[in-house]
Amino acid sequence: IEGRPFAVPAGWSEEDKSEPDHEIRVFRGPGEGSYIRVDVTDIPNASPVGTMLTEERRFRRGGYVYERLRMRSGAEAYRDGALWNFRLARRGEPIRHKTAAYFDQGGRRWAIVLTAPQEEQRGVLYTALLNQLNAW
């Protein structure tokens, strides 16, 4: 992505869902409902925290079961961006454990969202993501 290697667990598939103004990759785990979505764009956007808060409002109004676990920004988050841990589900569907990271790099806006059906799986993906970002 953007000429940078992006490591995912063995056996995961990759889908290119890019649009003219977004580079989008979705990496899916085998059969367990885990995935990582990476979205990179040049489109001017609100601050990383503003992006998170806009998404949070959308979840609260949109008929989702939503619970914020932790939200960090600035020096607490990657590259002075925003890092957000939460649980989310459409009504009647299983809860998904999510982490979203929003940050700017090289003049582009990055959004990386981890999704897993169980908290333990999200934790493993989160650790792998932080290791990946720190290696960049």
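This is a predicted model: local features need pLDDT of at least 70, side-chain atom pairs count only at pLDDT 80 or more; totals for chains, interfaces and linings use all residues.
Reader: Which residues lie nearest the centre of the largest pocket?
Author: Residues are numbered from 1 along each chain as its sequence is written, and side-chain values use heavy atoms, with hydrogens and water left out. A pocket is an open set of points on a 1 Å grid over the protein atoms alone, where a 1.4 Å probe fits, with protein on both sides within 12 Å along at least five of seven lines, and its lining residues have an atom within 4 Å of a point. Of the 34 residues that line the largest pocket, those nearest its centre are Arg-37, Glu-55, Arg-58, Phe-59 and Val-113.

Reader: Which element gives the most to the lining of the largest pocket?
Author: Helices (H or I, at least four residues) and strands (E, at least two) are DSSP runs, numbered from the N terminus. Elements giving two or more residues to this lining include strands S2, S3 and S5. The most, six residues, comes from H1.

Reader: How many residues apart are Phe-59 and Phe-86?
Author: Rings of Phe, Tyr and Trp (its six-membered ring) pair if their centres lie within 6.5 Å, with planes under 30 degrees apart counted as stacked, over 60 as edge-to-face and the rest as tilted. Phe-59 and Phe-86 form a tilted pair, 5.7 Å centre to centre with 35° between the planes. With Phe-59 in helix H1 and Phe-86 in strand S5, the pair links distant parts of the chain, and the number of residues apart is 27.
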